[in-house]
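Here is a friendly walk through a two-chain model. Have the sequence and the 3D view open as you read.

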Amino acid sequence: MEIKKTAIAGTLESSDVQIMLSAGTNGFEFELESDVAKQFGDQIKETISNVLGMYDIKDAKIKVVDKGALDLVIKARAIAAVQRALDIVDAPKWEVL
Amino acid sequence: MYGYLEGGIKVELSDVLGIREWRQNYQNNLENQFPKNVVVSVKLNIPGEVKNSQVLKKILLDGWMELKSQFEEQNEQLLFLRLILDRITGPEALAVLTGTIMEIKKQAINFEESFKLGRLFDVDVMSKDDKGYQLSRTQLGFEPRKCLVCNNNAKYCVKEQKHSIEEVQMAISSYIKKSEQREEIKFDLSQMAVSALLYEVVTTPKPGLVDPASSGSHQDMDVFTFIESAQALHPYFVAAQKIGNEFLGDNLSQMFNELRRVGVIAEKRMYLATNGINTHKGAIFSLGILVCATAYLQKNETFSRKELANTIIKMVRNLLEDDFQYLKQKPSEQLSAGEIQYLKYKKTGIRGEAVAGYPAVLKVGLPFLQKTTGSLNQRLVDTLMYIAANVSDSNLIKRAGTVEVVDEIKKWSKAYFKKGGSKTVAGINYLKELDQLFIQRNLSLGGSADLLILTVFLGKVEGII
């Protein structure tokens, strides 16, 4: 799947994460901002990559501002961002939810 | 379920995530509407499936009222407010204020640190001028938020899910309970003040003073008059305590001015309760100050004798000039005992005591009371006689009409303690003789009795009696 438009999900509140997806050409290009990036940076990227993978997305620019979100929050926000970017908000891919 | 969650409804993850996005949109909208101002979001940190309840609504509302009055202290104006108390994801307030984002953020953190339940609060501050940039606590010179369970940096505890939800809820529940207990302890100050008034009047025998057995040199009153008077003053001490508890400014003479305003009403209530007799006028002034200052310090958890003296000194620093400046113009029939003596002997009396931070109580009465032994009545009688010999009693001087009485009371007190004080029959008999002598000469130890009241009050605050 190809990202059609830039989309945002999530907020900058504590224990949340804001994920912005936009079209890319060179695999997953992460830009990560997090107070706990040192310990959890790779884990955050992996969670988001897995979600993108489920939707068959190969290329994307992914800007992440993490405010200490738990894994399940990151996953939920990533799914929402993908659905908005692919314009499938009204037709969610239930099998990944 | 813990009490603070009673009546709450469980939420889903999607509720929480949805409401966060709603809030962010709402905040962005406010930033656009008020581009020059600061948007403030006030929420509670309540981990778990239940995030709202009657208790939590009240906590948010109390906290918001407190924060609002702190902003008003700084002359910031409230331009917009939306209070949402019933939402299942938790009660919250969204507001717009004047001021700089830096100042508002500092006040918000200050509130999180100082409010009684501040650690449950999450106050976010943002502004159009400051897009995307959120000032962190550490950037502003504050410590990172601490975990309610283990007191380490909360951020890591959340991320690592270090504590189970049961542990976190138990910690919150006990945090709320402790805060309620602190409130109760403070609430007792007004009762301690009334007790102090009643303890003094039932202490017996006392030279020239009213006790249950005798009216001493005060024919116009008896122990019942004092009971009525003490009861009537309870609301005043509640008010004094509230003023101390809630005062947030730096200028403590402002706190004293507030106290004096309610003191005027208290005096009227006293005269109504006693049919126009002055039973506790001195106590209204001094005990009110002690209650107010003690409440103020207890709230900040900095109560000590030294801090109490310092606080009182700051409260009343303008008192002598303000009160004595215009005395000469005042008609003589309106002058109080303290005012007449200031004009006559330059003795500043109870006002001087207040201005010096009550050394007669903190350095004389209270240390002595602490050393006394025996029954409560014995301890209080001894303390009264010790105070009488070691301070200048304006009521005694007024009644004697001469300062020479000060040497006499020193002599009497010495003789009393030489006979063994309140724990010997000789001591008590001597006091009874002294009582007769006082009645004959129409003397009384009214000033010392007031100081005994103050000493008893602080004795109760400190747990000495």
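Predicted model: local features only at pLDDT ≥ 70, side-chain atom pairs only at ≥ 80, totals over all residues.

Residues are numbered from 1 along each chain as its sequence is written, while chains are lettered from A and ligands numbered from 1 in the order in which they are written.

**Chain A: overall build**

- Chain A contains two helices and four strands, where helices (H or I, at least four residues) and strands (E, at least two) are DSSP runs numbered from the N terminus.
- Read from the N terminus, its elements follow the order β-β-β-α-β-α.
- Of its 97 residues, 35% count as buried; a residue is buried if 20 or more other C-beta atoms lie within 10 Å of its own, exposed if 12 or fewer, and partly exposed in between, with C-beta atoms placed from the backbone.

**Chain A: sheet and helices**

- The four strands make an open sheet with mixed pairing, in the order β1-β2-β4-β3 of chain A; two strands pair if DSSP finds at least two bridges between them.
- At the edges are β1 and β3 (28–34) of chain A, each pairing on one side only.
- From one strand to the next, the twist averages 10°.
- β1(A) and β2(A) run antiparallel and are joined by three bridges; A:Ile8 has A:Met20 in β2(A) as its bridge partner.
- Helix α1 (residues 37–54) of chain A lies across β2, β3 and β4 (60–66) of chain A, at about 140° to β3(A); axes are lines fitted to C-alpha atoms, for helices over the stretch in contact, and angles run from 0 to 180 degrees between N-to-C directions.
- α2(A) lies across β1 and β2 of chain A, running at about 30° to β2(A).

**The annotated serine**

- UniProt, in an unreviewed entry, lists A:Ser14 for "modified residue: O-(phosphoribosyl dephospho-coenzyme A)serine"; such annotations may be inferred rather than shown by experiment, and feature names are shortened, with positions given in the numbering used here.
- A:Ser14 sits in the loop between β1 (7–9) and β2 (17–22) of chain A.
- A:Ser14 counts as partly exposed because 18 other C-beta atoms lie within 10 Å.
- Beyond its neighbours within four places in sequence, A:Ser14 is in contact with A:Lys67, A:Gly68 and B:Asp122; contact requires C-beta atoms, placed from the backbone, to lie within 7 Å.

**Where the chains meet**

- On chain A, 13 residues are in contact with 12 residues of chain B.
- Helix α2 (residues 71–85) of chain A supplies the largest share of chain A's side, three residues.

**Chain B**

- Four strands of chain B form an open, antiparallel sheet in the order β2-β3-β1-β4.
- Its edge strands are β2 (78–84) and β4 (121–127) of chain B.
- Seven bridges join strand β1 (residues 38–44) of chain B to β4(B), and B:Val39 stands opposite B:Met126 in β4(B).
- Helix α3 (residues 101–114) of chain B packs on this sheet, touching β1, β3 and β4 of chain B, and its direction makes about 180° with that of β4(B).
- α9(B) is mostly covered, with 17 of its 19 residues buried.
- Just after α9(B), B:Glu301 takes a positive phi of about 55°.

Terms used
Contact = placed C-beta atoms within 7 Å.
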